[in-house]
Number of protein chains: 2
Amino acid sequence: MNQEKSMLVVYVEGGRIELRRRARPRKPKGWALLKLRVAGICNTDLELVRGYYGFRGTPGHEFVAEVVEADSPQLVGRRVVGEINVACGDCEWCRRDLGRHCPRRRVLGIAGLDGAFSEYFTLPERNLHDVPEGVTDEEAVFAEPVAAACEILEQVALPRDAEVAVLGDGKLGLLVAQVLASHGARVVLWGRHREKLAIAEATGVRTALVGRLPRARYDWVVEATGSRLGLEQAVGMARPRGTVIVKTTVKGAVRLDTAPVVVNEITLVGSRCGPFEPALALLASRKLRLRELISGEYGLEEAPRAFRAAARRGTLKILLRAAAS
Amino acid sequence: MNQEKSMLVVYVEGGRIELRRRARPRKPKGWALLKLRVAGICNTDLELVRGYYGFRGTPGHEFVAEVVEADSPQLVGRRVVGEINVACGDCEWCRRDLGRHCPRRRVLGIAGLDGAFSEYFTLPERNLHDVPEGVTDEEAVFAEPVAAACEILEQVALPRDAEVAVLGDGKLGLLVAQVLASHGARVVLWGRHREKLAIAEATGVRTALVGRLPRARYDWVVEATGSRLGLEQAVGMARPRGTVIVKTTVKGAVRLDTAPVVVNEITLVGSRCGPFEPALALLASRKLRLRELISGEYGLEEAPRAFRAAARRGTLKILLRAAAS
């Protein structure tokens, strides 16, 4: 067996994406050493390259990997996905099972922890979840963004048959639409791209081309545009006493006319990472259509090209695949 | 008995405040003719003078009046306050007892309906509430803004002993602080004016001078600054998964960095008018200190001077009193 000591990693600094060779990381106690199978490029990764969070290092937080070393021997050889927040385990948030908000958290490939665009990387054993039987790597790599979509259902009491407008037909909007539809909601996906809306339609979601947006029509709106105009548009679509779930993060301030928020008593709910258990259950149920969301696959060694493809308008998910060893 | 046919009204147009004489209004069927006792000038009235809502007419929506004509004979002679939204009574919102959001509503002294800064005015009988025994006019005139403060407790499930930061020591902030404290909340009122904070302290509310605002400290924050900077400040004070109740309406857009809203999963709840029943029960309980909120009293015929006083920095509530007939 060829015991390589070095590995290939993607390294981002000052807007440049490079490939580097590095020593394999050593796993701390309670952590697992993971060998990448496939990773996904997320909009956050594109923002990191643009300098969001002053990032420098190896990004990547959507992945499927194989456990190669672990304190718990039964983990070794398992095919896993993983929660990306590495929390202290000890504070009020961690005790409330909300390590996603632990103030001392590090976040895989985002803050304080080298990410998954790397042949090997590490995560605490408690962050790992087995990929269910019958779920392919190409489906399981969506566990993290599907969890982010599931987070909505953790945060608000969405009635099973509620009518929900999802604004934005990018990757997250397409996932949110499917997740909420699988919950029973009557989803209308509002977007700008006929070909993306067609993906949602194939899953039974109603769609509408963004032109003149409806005013005050929906009790539930999910803002997943990725645009700084999205919030004001979503608020305009909400009925009095309606709820707008806010998924978009953009750098800097956005404009918001608060008068309709106050006068119509609209609730805005910021929503970020979610729990993996319901996401994996959904993946196992095979109710989601994910294959259609993949716009391209590249080897890890082609990362710069893969990032360029991911940044192109109209691209959905770009995957990075580790070389077979 | 001197059957006057004309009456004195305050009239606002193009930034000017005038006194006019007019014919007394005739009450429609199901409505009552009201004779003003005392009215309060609210920040919204000042905004109306500045051209908010393109307003032209007679403002005034905080009042105590005597019923002089009504279809229900038992109402005549009663001392009443009144809900300001005149709803259609027939739509989905009205059926849900949320006429405050009826899309066809008119609003006393704000939209489509002459207001209370007038010797006589009209409202539907169903909008009226008796002033409880022992509650003075000078207390009852606060029924509408106290109801707006009570609205917070209708909208969110605030735990009885929750720690709540109220940001803004103006009239509304002082009322919100007292109302939430009477609910059992541990309120900290953050403001800029020592003399206003002293009013809150006299009611047992803790206070803090706004200097360096605390970051991510409170699970509950009420934004009642009246300033376009208030929302971003309030969001900064909220802990992860915290709730910010938004009371301020300002003309035009405000800046909001949505990243902390999304990353910390903060909920923003727009909050406007509230129910009169709990407000009147609170007034009757005599738990609130309202007298200290009155900065001055003027006769209705002195309205232009009263408005100038109300607009002065540091002024709290200015009352307009009808001449005794």
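Let me start with the contact between the two chains: 40 residues of chain B and 40 residues of chain A take part, where contact means heavy atoms within 4.5 Å. This is a predicted model, in which local features need pLDDT of at least 70 and side-chain atom pairs count only at pLDDT 80 or more, while totals for chains, interfaces and linings use all residues. Residues are numbered from 1 along each chain as its sequence is written, chains are lettered from A and ligands numbered from 1 in the order in which they are written, and side-chain values use heavy atoms, with hydrogens and water left out.

The size of an interface is often given as the accessible area lost when the parts come together. Here chain B and chain A bury about 3300 Å² between them, 54% of it on carbon and sulfur atoms; that is the accessible area, with a 1.4 Å probe, that two parts lose on being put together, summed over both. On the chain B side, B:Arg241, B:Val262 and B:Glu265 lose the most area to chain A, together 19% of what that side buries.

B:Arg241 forms one with A:Glu151, with 2.8 Å between the closest N and O atoms.

A:Glu151 also has a partner in its own chain. Its side chain meets that of A:Arg100 in a salt bridge, 3.1 Å from N to O. These two are 51 residues apart, with A:Arg100 in the loop between helix H2 (92-95) and strand S7 (106-108) of chain A, and A:Glu151 in helix H4 of chain A. Helices here are DSSP runs of H or I of at least four residues, and strands are E runs of at least two, numbered from the N terminus. A:Glu151 is buried, at a relative accessible area of 0%, and A:Arg100 is buried at 11%. Buried means under 20% relative accessible area, exposed over 50%, and partly exposed in between, with a 1.4 Å probe and protein chains only.

Now helix H4 of chain A itself, residues 143-155. Its 13 residues should span 18 Å at 1.5 Å a residue, and the end C-alpha atoms are 18 Å apart, which agrees; the expected span is 1.5 Å times one less than the number of residues. H4(A) has a kink of about 25° centred on A:Ala149, the bend being the angle between axes fitted to the seven residues ending there and the seven starting there. Of the 13 residues, 10 are buried, among them A:Ala149, A:Cys150 and A:Ile152.

Helix H5 of chain A, residues 171-183, also has 13 residues, and reaches 19 Å from first C-alpha to last, close to the 18 Å expected. In H5(A), 10 of 13 residues are buried, including A:Lys171 and A:His183. After H5(A) comes A:Gly184, with a positive phi near 115°.

Which strand of chain B does S17(A) pair with? The partner is strand S17 (residues 267-270) of chain B, antiparallel, over 3 bridges; two strands pair if DSSP finds at least two bridges between them. Across that pairing, A:Val269 stands opposite B:Thr267. Within chain A, S17(A) pairs with strand S15 (residues 238-246) in the parallel sense over 4 bridges, and A:Val269 is the bridge partner of A:Ile245. Both faces of S17(A) are covered: A:Thr267 and A:Val269 are buried on one side, A:Leu268 and A:Gly270 on the other.

Strand S15 of chain A also holds A:Arg241, which has a positive phi of about 65° although it is not a glycine. A:Arg241 is partly exposed at 26%. In chain B, B:Arg286 has a positive phi of about 60°, in the loop between helix H9 (276-285) and strand S18 (294-299).

Last, one more salt bridge. A:Lys27 and A:Asp71 form one with their closest N and O atoms 2.6 Å apart. The pair is 44 residues apart, and both residues lie in loops. A:Lys27 counts as buried at 19%, whereas A:Asp71 is partly exposed at 40%. Over all chains, the whole structure has 48 salt bridges.

Key:
Salt bridge = Lys/Arg side-chain N within 4 Å of Asp/Glu carboxyl O.
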